[in-house]
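Work through the exercises below with the sequence and the model open. Each task is followed by a solution in steps.

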Amino acid sequence: MRGFKVRQHGGPEALEWGEWPDPVPGPGEALVAVRACALNRLDLWVRDGVPGHRFPLPLVPGAELAGDVLALGPGVNSPAPGTPVVVGAGVSCGVCAACVSGRDPLCAHFGLLGEDRDGGYAELVAVPARNLFPIPTGLSYVEAAAIPLVFLTAWHMLAARAALAMHEDVLIHAAGSGVSTAAIQIAALLGARRIFATAGTAEKLERARALGATDPIAPGDDFARAVRAATGGRGVDVVVDHVGGETFERSLRCLAKGGRIVLCGATAAAEAKVNLRAIFFKGLSVLGSTMGSNAELGTLLGWFERGVLAPVVARTLPLEAAREAQELLASRALFGKVVLAVDPDATSVPRPRA
């Protein structure tokens, strides 16, 4: 197969293009012909390296992908070869107490495609068969690839961890990112009353408004002050944050009594100062969140089948342009996902292949 591997950490040159041995599906696995793979900031961390963390190099990056089932490993009877599928990004043992109770991310062996085992920057990938789901009707491979990590992350943050209720107010940071474009739509679906959103440009905020953000906060404005003013000093019930650092600190000041801040990343800074008095006086909750379960992904995909949720794709590039695609992602200039078309027909709605 052709594709990219990271053999050692570095800049864009660390993405090494080549022909590699085809993966062989083991027991409980399926071989998938990758048609499209969406990028995430995780891909940059795999390429650049993270101090104190060891990746299993050499590694094919890419956590979010869609394609066609090519072959089934021992003990697997479905889905049939030729079936178009979207692939769940989280991999766990499937048999421990956490997994069988639908809490896959708490499994001691939980990991991600493209981080802990080979992912989608290649023509073929072997994945657990339980991670395969039908592509929602009407979506292309490219659109389907833009779903499984970012939408599941946002769903788990809002529905499971923060338990966002109807008529509650929510603040969503970095509205142009994949997780946040998903979170805006999911907050609206769950019945949020007001959806505040921050972004670096007015254009991104207009795009966020089109997705359902009711109260975009102008770039450069103090978002904590804006939220307090708009809510009469009350604050919001939930904050969605994957920025961290100083943004996290100010977000705590945005919360109403009993409010929850849910964090799935720290792209700006991994450390923040916390006012402990505010947490216990106001009954605040600080919630960590990583991905979600395969069961949640199955539920989530039903909303795409109904046309209620929609992936947001900013740019599609061929697989060979993965280095350029990563630079686009790193620039933070786009609104939505960057997706690699591994197959020339990836932008079409799939049909079963023989």
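The model is predicted.

**Exercise 1. The cavity**

Task: State how many cavities of 30 Å³ or more a search of the whole structure finds, then give the volume of the largest cavity and the residues that line it.

Solution. 
- Step 1. Searching the whole structure turns up one cavity of 30 Å³ or more.
- Step 2. The space in the largest cavity is about 40 Å³.
- Step 3. Its lining is made by Gly88, Ala89, Gly90, Asp104, Phe110, Leu152, Met291, Gly292, Ser293, Asn294 and Leu297.

**Exercise 2. The largest pocket**

Task: Give the volume of the largest pocket and say which residues are closest to its centre. Then describe which elements contribute to the lining.

Solution. 
- Step 1. The largest pocket holds about 1,300 Å³ of space.
- Step 2. It is lined by 50 residues, and those closest to the centre are Arg41, Ser177, Val179, His242 and Thr267.
- Step 3. At least two lining residues each come from α1 (41–48), α4 (150–161), α5 (178–189), α8 (245–252), α11 (322–331) and β17 (337–341).
- Step 4. α1 gives the largest share, three residues.
- Step 5. By class the lining comprises 26 nonpolar, 17 polar and seven charged residues.

**Exercise 3. Helix α4 against α5**

Task: Classify the packing of α4 and α5 from the angle at which their axes cross, and list the residues in contact.

Solution. 
- Step 1. The two axes come within 8 Å and cross at roughly 50 degrees.
- Step 2. Because of this angle, α4 is oblique to α5.
- Step 3. The crossing of the pair is right-handed.
- Step 4. On the α4 side the contact uses Val150, Phe151, Thr153, Ala154, Trp155, Met157 and Leu158, and on the α5 side Gly178, Val179, Ala182, Ala183, Gln185, Ile186, Ala187 and Leu189.
- Step 5. Class by class, the contact of α4 with α5 has 12 nonpolar residues, three polar and no charged ones.

**Exercise 4. Helix α4 against α10**

Task: Find how α4 and α10 (residues 294–305) are oriented, and which residues make the contact.

Solution. 
- Step 1. The helices pack at an angle of about 105 degrees, and their axes are 10 Å apart.
- Step 2. With this angle, α4 is therefore roughly perpendicular to α10.
- Step 3. From α4, the contact takes Phe151, Leu152, Trp155, His156 and Ala160; from α10 it takes Glu296, Leu297, Thr299, Leu300, Trp303 and Phe304.
- Step 4. Eight of these contact residues are nonpolar, two are polar and one is charged.

**Exercise 5. Helix α1 against α11**

Solution. 
- Step 5. The contact of α1 with α11 contains three nonpolar, one polar and four charged residues.

**Exercise 6. Backbone details**

Task: Locate the cis peptide bonds at Pro58 and Pro79, and the positive phi of His167.

Solution. 
- Step 1. Leu57 and Pro58 are joined by a cis peptide bond with omega about 0 degrees. Pro58 sits in the loop between α1 and β4 (64–72).
- Step 2. From Ser78 to Pro79 the peptide bond is also cis, omega being near 0 degrees. Pro79 belongs to the loop between β4 and β5 (84–87).
- Step 3. His167 is not a glycine, yet has a positive phi of about 75 degrees. His167 is in the loop between α4 and β10 (169–172).

Conventions. Residues numbered from 1 in each chain as written. Predicted model: local features only at pLDDT ≥ 70, side-chain atom pairs only at ≥ 80, totals over all residues. Heavy atoms only, no water. 1 Å grid on protein atoms, 1.4 Å probe; cavity = no way out; pocket = protein on both sides within 12 Å on 5 of 7 lines; lining within 4 Å. Points joined across faces, edges and corners; volume = space filled by probe spheres on them. Helix = DSSP H or I, 4+ residues; strand = E, 2+ residues; numbered from the N terminus. Nonpolar A, V, L, I, M, F, W, Y, C, P; charged D, E, K, R; others polar. Axes fitted to C-alpha atoms, helices over the stretch in contact; angles between N-to-C directions. Parallel < 35°, antiparallel > 145°, perpendicular 65-115°, else oblique. Left-handed = near helix turned anticlockwise from the far one by under 90°. Contact = heavy atoms within 4.5 Å.
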